[in-house]
Amino acid sequence: IREYTDSIYSYEIDCIADYFKANSDIFGNMAAIDSVDVFGFYYKQLKAPSDTTSFPSDTSIYINYTGKLLNGLVFDTTIEKVAKDNGIWSSSRTYEPAKINWGESYSDLTMGSRGSSTITGFALTLWEMRAFEKGIGVFYSPLGYSYSGSGASIPAYSPLIFEIEIVAEPED
C-alpha cells in the first residue's frame, strides 16, 4: 500500500468515506469529516437506547457484537448464527453475550471475567452507547490493530467495523 500513497492513514480515511457512500442506506450522508471526538472514529446509532443515562463506572453490561473489515469479511462475533453464516464458527467457542466491565473513561473498559483490554475503537464505540442501544463503530487502524494486524483475518492497516448491541445479562 505504501507504494500507492504518501499517507496510509489518509488512504484509510478515504476508504472509510467510500464505505459510507456505498452503504448510504445505513449511514445516510455521513462523511469522513463527521468523526466523533477522536479523529478516524465514527459512530452511527441503529437503535435508540432505553435510557440515555451513562453507565456508572462499576457497572457490568453485556453485549453482542460482530467485527468485520470494510469489505464485509466477518472476523469475530458473539452470535453463533453469524459465525456459521460467515464460515468462522468454532465448536471450541461459546457464543453468548460478552461481559463488559465499565470504567471511568473509555480507556478503562475491559471485557470478560479476566478483564481483558479492548482495542481503542471498540472501546470508543461502547463509550458512545447507552442501555440496550445498538450501533456501529467504524474506525481507522491506529484505533484498531495498526501496522501489526491481528492473526490471519485482520491485515495490517485495516479500518474496522463493529456492530454492537447492549443486551440483557444472560441467564445461567
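Residues are numbered from 1 along each chain as its sequence is written. In this predicted model local features need pLDDT of at least 70, side-chain atom pairs count only at pLDDT 80 or more, and totals for chains, interfaces and linings use all residues, while side-chain values use heavy atoms, with hydrogens and water left out.

Reader: How many aromatic pairs are there?
Author: Rings of Phe, Tyr and Trp (its six-membered ring) pair if their centres lie within 6.5 Å; planes under 30 degrees apart are stacked, over 60 edge-to-face, and the rest tilted. Go by that rule and you get 14 aromatic pairs.

Reader: How do Y65 and F122 sit, edge-to-face or stacked?
Author: Their centres are 5.4 Å apart. The planes make an angle of 80 degrees, so by the cut-off of over 60 the pair is edge-to-face.

Reader: How far apart in sequence are the parts that this pair ties together?
Author: Helices (H or I, at least four residues) and strands (E, at least two) are DSSP runs, numbered from the N terminus. Y65 belongs to strand 2 (residues 60-69) and F122 to helix 4 (residues 120-128), so the pair links parts that are 57 residues apart.

Reader: Which residues form one aromatic cluster with Y65 and F122?
Author: Y65 and F122 make an edge-to-face pair. Both belong to one cluster, along with F75, F139 and F162.
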